[in-house]
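Let's take a look at one protein model together. Have the sequence and the 3D view ready.

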Amino acid sequence: MLRNFLKIAWRNLLKNKAFSSINIAGLAIGMAVAMMIGLWMRDELSFNTCHQHYKRLAQVQVNLTFNDKTGSGDAIPLPVGLALRNDFASDFERVARASWNFDHLLSKGEKKIIREGVFCEPELLAMFSPEMLQGNYANALRDPHSIVLSDSLARTLFGDEDPLNQTIRLDQEVDLVVTGVFKDLPFNADLKEIKFYLPWALYLSQQDWVRNSQDNWENHSFQLFAQLRPGADMDAVSAKIRDVEKAHNKNGNPELFLHAMPRWHLYSEFKDGKNIGGRIQFVWLFGIIGVFVLLLACINFMNLSTARSEKRAKEVGVRKTVGSGRGQLVLQFLSESMLIVFLSLLLAGVIVQLTLPGFNELAGKQISIPWAHPVFISAVAGFALLTGLLAGSYPAFYLSSFKPLKVLKGTFRAGRFASLPRQVLVVLQFTVSIALIIGTMVVFHQIQHAKNRPVGYSREGLLQVNISRALEGHYDALRQDLLNTGTVYDMSTASSPTTGVWSNQIGFDWEGKDPNALPMFGVVAGSHDFGRSIGWHIKEGRDFSRDFATDTSALILNESAVALTGLKDVLGKTIRQDGKPYRVIGVVEDLVMESPYTPIKPTLFFLSYDWANLINVKLKPGVPVRDALQQVETVFAKHDPNSPFEFKFADDEYEAKFRSEERVGKLARLFAFLAVFISCLGLFGLSAYVAEQRTKEIGIRKVLGASVTNLWAMLSRDFVLLVLVACLIAAPLAWHYLNNWLSDYEYRVQLDWWVFALGGGLAIVVTLLTVSFQSVKAALANPIQSLRSE
């Protein structure tokens, strides 16, 4: 029987090639989108699962309250690590302190490369549990002059040689012995950029400030990771350690908590000391989009199947007359649906395989299709079965309900309300499509709004170069040589890049300050030419100058810092830090140095050459960038021949702040386009069917004098009305969800009426273009042909 069902289904497909093609194409695209989104969601939800102790690992973080605002951060004082290790041994299996991840120069003979690495206590390697290809966790970092490399880094440095026990040089200062090699982490791991681990003992021996911080409860400058014992509850332990720092340091009312590794990637955003989500909102968003896009394709199948019901009515009547039960007919029509779904699935698989490289590039992923994985095969089979039932159940039960007596007597008519379910489904299709159109427009508008925000400095032609030890103390000579090239406008040193504030400090006091207040400021130190090289805008007073020796005790404030102090006529006023006086000599426009979506941080700028982490090089406008870079590289090679010249453009670093939102926006635009395309595909099929059903009516109207325009308007009107209804439903829904999304951004765009009007207008235009082909074709047909049988 099943073979007979499939044979009939195949014949029906061949008999109605146009409608079958629309059904298969629509379902294939919908299934391909759902599969692609499913693979993307799987990649997101499996982040960091490569770590053996994934569910028991956490990073210790802290809530601090300054300027009447509570912020969450992962910078922890060193003594906290010892306190957790000693006082909570029953809760923690391992606790490890670490530096921040920084770029370091690694040298082996003539090979010199810069990679990201971290200093850490030996326990961290066992906690993160990367697969050790050589060496072991227990001994890899016990020696102060050891180093553990990733497999890719080892191959880069040593080629096919055995790297174990080989010597490499770190930052042109110290020789280290390779004691271990680990397999590179997969792309969906937050720690994948760490290419080597360095011993904590070496960090202590190299950095005086680190040694001096071992008993300092106020210096939040380090990372701290913990591994719970089996059976320990993450939330309960987090509550137990909350006041550990507060017992030694009351500044900022510090409250510790554990941020579990399973939440690092998807729940990384905090507000007022509470986790408010993060990328998980995009996971759910795209999951919902995938379901809706597949639903749109299923709706196409339902609409086209039920619209052609009269053509299958006699078949149903004959089958029922010769003894077929309704169950058999339902099974027959479901088998047709499953055949179409199977063909669509094959086409969807081809689409996904061909488009996956482009999708990976667009989404910033390295997703592959696990064709051989039994779970994936089972999921695809279940997905196809569910799609077949979803798409075919309504047409099957609808078609099998026809009464054979009416059908065979020729008195069967669909009825005036028979098209109502199809109209509701079309409205649903376009409600989803219009909401997606409006959403993508708002996302794009929000990103552009933030990009157009005045940043307070000039990013064009601004290079940022990390400082090596060889350059320390030679800044004046380096600057002069760069200026002599004729391609450099100016050069300066700084403690932070223009795209970030790396230090936040307290302990400031001034006349009229509330004695109970504990304000925190961002702090940036720079050389005399810092402002000139980045092109900041002086609002009041003056810049740092070599003509004033007293500028070493001077301050420049941004506008937000002036507002925080509450000082009037701030120039010349004295601000003290831990008792040391600084005189305010200038005020600059606010600089967008952190997130472009948040308020500007109150920031103080000091004059200092001792606290220099990078060099700003401003290229002269009009000079070809390639020529300028060659000359700048030559100058750096003269002053530091042993280090490769690596730099970053400030505008590239600033653009990176929008990368996540831009990727989401691009993916949303892609899925919105496909949703509209699928909806229009169904609309095209329906309009063709309507035109076919009204062929004789069109012929009569044309004979009676109706123009092509009149006929086009008549055939298009019903579809446009449905889209208008969809607009009225989609607009408030889109406003509600988009307003909630925008509320997460303090610097955001307003939801203007024209966005909703434009989204609805685009939907109507697309609808008219879709149905006009069939409408005009029908209107231009020769009425003699359509009325020949009358």
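This is a predicted model: local features need pLDDT of at least 70, side-chain atom pairs count only at pLDDT 80 or more; totals for chains, interfaces and linings use all residues.

Let's start with an open space in the protein. The second largest pocket has a volume of about 870 Å³. Its lining is made up of 25 residues, and those nearest the centre are L285, I288, I289, Y737 and L738.

The largest share belongs to α14, which supplies 8 residues.

## A strand tucked away

Now hop over to strand β7, residues 146-150. Is β7 buried or exposed? Because 5 of its 5 residues are buried, β7 is largely enclosed by the rest of the structure.

Here's a handy bit of background: in a regular strand, side chains alternate between the two faces of the sheet. In β7, both faces are covered. S146, V148 and S150 sit on one side, I147 and L149 on the other, and all of them are buried.

## The neighbours of β7

Which strands does β7 pair with? One is β9 (residues 174-182), which pairs with β7 in the parallel sense over 5 bridges. Look for I147 here: its bridge partner in β9 is V178.

Another is β10 (residues 196-199), paired with β7 in the antiparallel sense over 2 bridges. There, V148 stands opposite Y197 of β10.

How values were computed:
Residues are numbered from 1 along each chain as its sequence is written. Side-chain values use heavy atoms; hydrogens and water are left out. On a 1 Å grid over the protein atoms alone, a cavity is a set of points where a 1.4 Å probe fits but cannot get out, and a pocket is an open set with protein on both sides within 12 Å along at least five of seven lines; lining residues have an atom within 4 Å of a point. Grid points are joined across faces, edges and corners, and a volume is the space filled by probe spheres set on the points. Helices (H or I, at least four residues) and strands (E, at least two) are DSSP runs, numbered from the N terminus. Buried means under 20% relative accessible area, exposed over 50%, partly exposed in between (1.4 Å probe, protein chains only). Two strands pair if DSSP finds at least two bridges between them.
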